Amino acid sequence: MAITWLEINNLFRNLLNEPVRMGEKYRTGIPLVDSHHAQVFIFIEEIRQAIRQKQTQEQLMQTMAKLEDFCGYHFSFESKIMTKLGYPGADDHTKTLVSFTNRVLNNWKTSLANGTLHPLEVVYGLKTTVVDAIIAEDVKYAQYFADNGIDVSWIETPQDLDRGKDYVGTSTPEDLKETFKVVDRDGGGTISPEELALLLKNLNVKASDADIARLIKEADQDGDGEIDYSELITIMTNSSQTSSQDGISWGEINNIFKALLNEPVRMGEKYRTGIPLIDSLHAQIFIFIEDIRQAIHNKQTKEQLIETIAKLEAFCQSSVSIESKILTKFGYPGADDHIQNLTSFTKRVIEDWKQKLANGVLHPLEVVQALKTTMVDSIMGEGMKYAKYFADKGIDVSWLETPQDLDRNKDYTDTCSDEDLKETFKVVDRDGGGTISPAELSLLLNNLNLGASEEDIARLIKEADQDGDGEIDYGELITIMKS
Ligand SMILES: [Fe+2]
């Protein structure tokens with residue numbers, strides 16, 4: 001079928017008006033992959049809006065550069081996942097991914113810079129390559145895993161790529177020594193009653209003075225009233241794993257430490273709200289927590305740790321504003337309370353931790369424990385409540401994928417203004433001469449993957465060219481596009 005103006009018009013209107021959405025169609029069911037893909041869709045949507053928002057060439061090039069970096073980052077994970085889980089098409093897919101990043105994206109950047117390619121053509125290119133070809137292929141490997149009964153639902157963090165599904169770490173003697181340092185805050189070589197009391201307080205464990213005295217007595221073999229390293233190791237390894245009837249036991253303290261040291265903090269299904277935008281923010285928070293949890297294992301410096309906490313703080317701030325908007329937009333009755341909680345958590349609690357970490361009165365493992373009880377159990381627990389409220393009220397929130405969606409409705413599409421159409425004209429009139437020549441029309445169709453012969457071009461020009469000068473001016477284009 002020969003190409004018609006109607007098709008060209010539809011294609012342009014589609015690019016200008018319709019948000020590029022991930023939806024269910026491109027969901028692989030691998031949490032890490034899906035949250036990466038969601039980010040790619042956000043980039044595409046940003047590029048698609050470049051015309052409407054009158055972004056400068058520099059802003060556009062910046063987004064392209066970010067997209068390129070992100071693709072490289074994502075593809076390296078994706079190759080690892082496919083290889084790790086034995087997908088037969090792994091090598092081919094990886095080759096496609098690498099050549100896409102190296103050649104295609106790079107080409108686009110160059111062409112955008114010299115004006116031979118237009119943002120809308122890039123969006124078209126991204127839709128046909130990244131979305132329809134590459135991400136569609138990702139759905140195939142996900143299908144392969146499903147067909148072969150390979151569970152991939154637990155791959156949430158980059159760290160998971162080096163782990164098995166039910167991975168738990170093991171504590172080395174060195175880790176236990178670090179645990180001792182957590183408690184021996186003044187570095188004196190022994191744990192005093194005050195140090196033990198501070199530890200339990202930081203871990204949110206209720207302990208009376210009598211409890212502290214009893215715990216010290218149970219561990220203190222040489223009777224000096226404090227606990228040294230070898231006494232701690234002895235009591236931690238020999239203590240009963242059951243809870244004591246008289247309050248907190250060494251067995252419980254041991255279990256808390258082992259869990260913090262060994263067990264990855266996972267989002268799992270339990271904290272999934274079903275709102276894609278929220279779930280990907282939450283997934284990122286779990287990655288932060290896991291980063292902090294590994295601070296000891298990875299021997300991170302205090303500076304690295306405080307940097308991660310600062311990033312978490314900034315991330316929480318932007319998440320709070322997104323979450324607030326969603327709760328208010330959909331009329332969740334607990335919105336105000338929840339937002340207050342979030343704001344005070346970010347402003348006061350995290351700030352407080354940063355300072356205490358810096359002064360050495362708080363330890364990374366204690367921060368992880370606090371994050372687990374506040375951020376995860378209490379704040380995200382509340383997230384499950386509002387998700388349930390929306391479900392009970394039949395409010396569909398599954399389409400909330402991008403920050404832009406917060407200002408839209410479910411079935412939102414843009415409408416072309418005359419100014420948008422004028423921009424469309426500029427897309428085609430590459431030399432800015434005020435008319436579209438046969439060569440310019442041919443380049444456009446080529447960029448949009450619409451193969452057109454010389455006869456097609458001549459016919460299209462003739463159909464639009466009212467004054468018979470052999471080219472199409474703005475008025476002629478608008479007339480033919482609107483007809
Ligand atoms: Fe992918």
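**Figure 1. Spacing of domain 2 and domain 3 in a predicted model.** The C-alpha centres of domain 2 and domain 3 lie 28 Å apart. Domain bounds come from an automatic or database domain assignment. That assignment gives domain 1 (19–162), domain 2 (173–262), domain 3 (276–397) and domain 4 (418–482). The model is predicted: local features need pLDDT of at least 70 and side-chain atom pairs count only at pLDDT 80 or more, while totals for chains, interfaces and linings use all residues. Residue numbers start from 1 along each chain as its sequence is written.

**Figure 2. The side of domain 2 that touches domain 3.** Nine residues of domain 2 are in contact with eleven of domain 3 (C-beta atoms, placed from the backbone, within 7 Å). Helices H6 (173–183) and H10 (250–262) are the elements giving two or more residues to this side of domain 2. H6 provides the largest share, three residues. Helices are DSSP runs of H or I, at least four residues, numbered from the N terminus.

**Figure 3. Helix H4, residues 90–113.** H4 has 24 residues and reaches 34 Å from first C-alpha to last, close to the 34 Å expected (1.5 Å times one less than the number of residues). A kink of about 40 degrees is centred on Phe 100; the bend is the angle between axes fitted to the seven residues ending at a residue and the seven starting there. After H4 comes Gly 115, with a positive phi near 75 degrees.

**Figure 4. The buried residues of H4.** His 93, Leu 97, Thr 101, Leu 105, Trp 108 and Leu 112 are buried (20 or more other C-beta atoms, placed from the backbone, within 10 Å of the residue's own). Their cover includes helices H3 (57–84) and H5 (119–147).

Methods: Buried ≥ 20, exposed ≤ 12 C-beta atoms within 10 Å, placed from the backbone. Contact = placed C-beta atoms within 7 Å.
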